[in-house]
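Hi,

Here is the model I promised to pass on.

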Amino acid sequence: MTNQEKMLNLVLSDTDLIKYYKLDTCEFYSIEDALNSDKTIIVAIATIIKQLNGSDSSSKQKEVYKQVFNHLNNNAL
Amino acid sequence: MIIREVTIENFRCYYGKNSIDFNDGLTLVIGDNGDGKTTFFEALEWLFNTSTLSPELRLISQKKRAELAPSEIGTVKVGITFEHDGKKKVEKSFDFEIKNDEIITFNSKFIGFEEGDFDRLSSTGGGNILDRCFDAAIRKYSLFKGEKQLNVFNKPEAMNYLVRTFSNIRDFDPYLSFSEYACEETQKIYRKTIRLNDRNAVKERRISADIKASKRELHEKMKRLDAIMKEVGEYDSKINDYERNQAASETLNHLNSRIESLKNEQAKISIKIKEDYSTRLLDEEWILCGFPSILEEFDEKISNGNKVKRRIEQEERIKQGRQRAFDEISASIAKKVLPLPITIPDKDTMQELLDDEICKVCGRKAPKGSDAYNFMQRKIDELNRVEQPKEKEHKLEEIFANNFMKELDQVKMSLNFDKENLNQLNLRIEEDIHFNNKMRLEGVKIKENIVIAEEDKMKLLAQTDNLSEQELENLFHNMRNWYRFKVDGEKQIPMLKSEIEKIEKKLAGYNEEYDKLASNSSANIYAIINTAFNKIKNSFISAKNTNTQNFLKQLEEKSNEYLKKLNFEDFTGVIHIKENYSGGAEIRLYDNQGQRVHDPNTALETTMFMSVLFAISELTSIRRDNDYPLIFDAPTSSFSDAKEISFFNVIANVEKQCIIFTKSFLKADRKTGKNELDLDEIDKLNGKVYRIAKKRPFDSRDLSTIEMEISQIKN
């Protein structure tokens with residue numbers, strides 16, 4: 001399991017997130033699985049983890065933000 | 001990273017080229033005090049320091065330096081061959097030569113070789129290879145000198161560092177920073193969109209103001225909570241220090257109090273001692289104490305003087321009487337008439353004859369002025385003169401005209417009175433000197449007690465965790481306040497948390513109200529997106545906290561496994577690793593009843609810290625798919641022989657490369673008195689063993705004759 005996958009699954013195990021977006025608590029997600037999920041929030045989180053890839057540069061943050069914002073805007077939650 | 005070989009050349013006491021091969025498991029390097037164990041360890045530290053190449057003169061072997069011919073070039077070199085994604089080798093070195101009696105260094109190098117191209121230098125250099133394969137983060141948890149460096153959580157930043165480096169999931173911070181940024185951006189867009197609708201604009205402004213005020217309030221409370229948590233953490237850490245050093249702190253306080261009391265007593269005694277004998281000799285007339293014999297002599301002399309005076313006076317009186325009688329008789333003889341005695345006729349008869357102017361002896365008249373009358377007149381004058389003794393004494397007093405004897409008599413009388421005082425003075429002097437001697441003796445005893453107490457204090461401070469006397473005193477004096485501050489702080493934390501919870505609920509209500517503004521409007525989607533980013537942010541925060549807790553839990557479990565192994569058939573207790581309020585972590589030992597073991601013995605404490613190090617190392621090899629060695633210089637100084645040997649045997653069976661420099665397995669030979677290897681015990685050990693020792697003979701006062709030799713004892 002990669003660091004990104006571990007992070008993704010730990011983020012997705014947050015009880016408040018699960019409750020709010022009615023997520024499946026048992027499912028394991030690879031990054032690819034998550035990106036192809038039908039749950040918009042899971043795709044958003046996977047996109048953030050994959051695209052940001054641990055970078056703390058502000059330009060990268062802006063780029064990822066636009067991408068995730070568009071995804072959320074285009075796929076109403 | 002597995003170390004295969006270390007080569008040391010002309011590095012301090014390692015003259016010439018010296019090599020040691022290492023196993024995957026335990027390698028023991030045994031050496032007595034001063035036999036180069038720490039130097040070997042320092043050679044590795046020098047090699048692993050990739051931040052500098054600067055050559056240091058102190059690193060040059062004195063023997064090589066002494067042997068160096070003019071224009072000859074010497075080299076100091078430390079090299080390591082290891083496996084990490086294939087075989088690699090790095091060497092750090094510099095050359096030196098002597099010019100004009102001064103040693104100069106040059107040609108510093110840090111070169112690297114990699115497998116497949118082993119004969120050619122790596123373009124990245126030795127420092128880069130080391131940083132890649134054995135980075136600074138890991139090196140901090142790999143090399144340990146002595147027992148005191150083993151607590152890796154000693155430094156406040158260690159916890160974050162360990163979690164960041166060795167935990168299951170790394171690099172959360174950029175995602176938290178991103179989430180924060182995304183929330184702010186969507187909030188801005190959402191607000192702008194809401195305000196496009198005039199009906200909502202007023203309401204939006206009011207709710208925005210409420211949200212802003214609540215956020216400000218929340219921020220203040222959070223800030224306060226954070227400060228209190230930090231304070232509580234600091235007091236907790238201070239209390240821990242106190243608890244760890246409680247016995248020492250209390251003993252120091254007792255010792256200081258004893259020393260102070262003894263010094264006060266000493267000061268009182270020194271005030272009581274009046275040894276200003278020279279001053280008292282005159283001021284208090286002590287000088288007179290030797291005078292009684294002189295006074296007696298003085299008395300005697302005065303008595304004698306008086307006697308002499310009286311005798312002289314008597315003699316003078318006789319002499320003068322004789323002279324006068326002689327004169328009178330001589331005058332009579334000269335007149336050829338023998339006069340009658342002066343008393344014939346007597347004075348009354350003579351006066352009658354004069355009054356009657358008749359000599360009643362011959363019956364002739366003797367009128368006034370006649371010869372007969374004048375004769376009678378002279379006779380009576382003579383008689384009167386004889387009868388006047390004062391005139392005679394007056395003549396005698398002229399011999400002692402100054403009256404000195406009388407004055408001396410008076411002095412003698414007054415000195416007779418002082419004799420009594422002098423006897424009392426002698427007694428007083430004797431008492432005073434006796435008292436002073438007694439006090440002085442007591443002073444010496446007190447001084448001895450002060451010296452003993454000071455020595456005890458020095459010993460205590462030498463054994464106490466590198467804390468200064470002031471720090472130990474502070475621990476003692478401030479402990480009660482710290483407990484009070486900590487308890488007060490801990491009381492405030494739940495109250496503040498509850499207040500924060502209320503504000504958060506209030507804020508959530510405002511946010512909900514705010515989101516409702518967007519219902520059935522174009523802003524609705526931004527409300528949804530804003531909520532999504534907030535939820536994502538909170539999930540990342542929660543994941544980061546969970547990751548830390550998981551890491552500590554795993555570390556704790558692994559540490560306890562090692563603790564059991566390292567303390568086989570002995571009391572171990574249970575290691576608890578807790579995150580503290582200031583964001584750091586603490587390693588503590590508890591018994592199975594949940595009671596904290598405040599003052600574990602040094603050997604148990606050492607194994608506790610080593611267990612954590614083994615656990616960190618194991619977690620790292622799981623996380624990073626590579627291993628690194630643990631290198632200890634004299635980690636078991638506090639262990640008993642039996643404990644040490646069983647400890648090494650346990651380590652030999654742990655699947656971990658472990659290199660330990662030690663003076664264990666050396667025992668004094670009864671015949672020679674020299675330390676020899678205990679080969680029987682070494683034979684039982686599962687690991688590679690080397691002996692390092694000074695090559696003999698050598699001159700004990702000449703460093704340039706010192707050279708270490710390394711011999712393999714067990715393969």
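Predicted model: local features only at pLDDT ≥ 70, side-chain atom pairs only at ≥ 80, totals over all residues.

What follows is a walk through what turned up, starting with the conventions.

Residues are numbered from 1 along each chain as its sequence is written, chains are lettered from A and ligands numbered from 1 in the order in which they are written, and side-chain values use heavy atoms, with hydrogens and water left out.

**Chain A**

Chain A has five helices and zero strands, where helices (H or I, at least four residues) and strands (E, at least two) are DSSP runs numbered from the N terminus. Of its 77 residues, 49% are buried; buried means under 20% relative accessible area, exposed over 50%, and partly exposed in between (1.4 Å probe, protein chains only). The accessible surface of chain A is about 4100 Å², with 45% of it belonging to carbon and sulfur atoms (Shrake-Rupley method, 1.4 Å probe; for residues, only the protein chains shown count as cover). If you look at contacts in chain A between residues at least 6 apart in sequence, 41% join residues at least 24 apart; contact means heavy atoms within 4.5 Å.

**Where the chains meet**

On the B side, 29 residues are in contact with 31 residues of chain A. The area buried between the two chains is about 2700 Å², and carbon and sulfur atoms give 73% of that; buried area is the accessible area (1.4 Å probe) that two parts lose on being put together, summed over both. Tyr175(B), Phe178(B) and Lys535(B) supply 23% of the area that chain B buries against chain A, more than any other three residues.

Lys535(B) also turns up in a salt bridge with Asp16(A), at 3.2 Å from N to O. Helix H6 (173-195) and helix H16 (524-566) of chain B each supply at least two residues of the side that touches chain A. H16(B) gives the most to that side, with 15 residues.

**Salt bridges elsewhere**

Over all chains, the count comes to 48 salt bridges. A few to click on:

- Glu83(B) pairs with Arg4(B), with the closest N and O atoms 3.2 Å apart. Glu83(B) is in strand E4 (residues 74-83) and Arg4(B) in strand E1 (residues 2-11) of chain B, so the pair ties together parts 79 residues apart in sequence. Glu83(B) is partly exposed at 36% relative accessible area, and Arg4(B) is partly exposed at 23%.
- Glu707(B) and Lys63(B) form a salt bridge at 2.6 Å between the closest N and O atoms. This pair links distant parts of the chain, 644 residues apart: Glu707(B) is in the loop between E16 and E17, and Lys63(B) is in helix H2 (residues 62-67) of chain B. Glu707(B) is buried, with a relative accessible area of 11%, and Lys63(B) counts as buried at 17%.
- Asp210(B) and Arg206(B) meet at 3.4 Å, N to O, in a salt bridge. Both lie in helix H7 of chain B, four residues apart, about one turn of the helix.
- Asp236(B), Lys486(B), Glu490(B), Glu586(B) and Arg588(B) are linked in a network of salt bridges.

Most residues other than glycine have a negative phi, and most peptide bonds are trans. Here are the exceptions I would look at.

The peptide bond from Arg696(B) to Pro697(B) is cis, with omega near 0 degrees. Pro697(B) is in the loop between strand E16 (688-694) and strand E17 (708-714) of chain B.

Asn53(A) is not a glycine, yet has a positive phi of about 50 degrees. Asn53(A) is placed in the loop between helix H4 (40-52) and helix H5 (58-74) of chain A, and counts as exposed at 54% relative accessibility.

Asp101(B), not a glycine either, has a positive phi of about 65 degrees. Asp101(B) counts as exposed at 77% relative accessibility.

Cheers

Technical notes: Salt bridge = Lys/Arg side-chain N within 4 Å of Asp/Glu carboxyl O.
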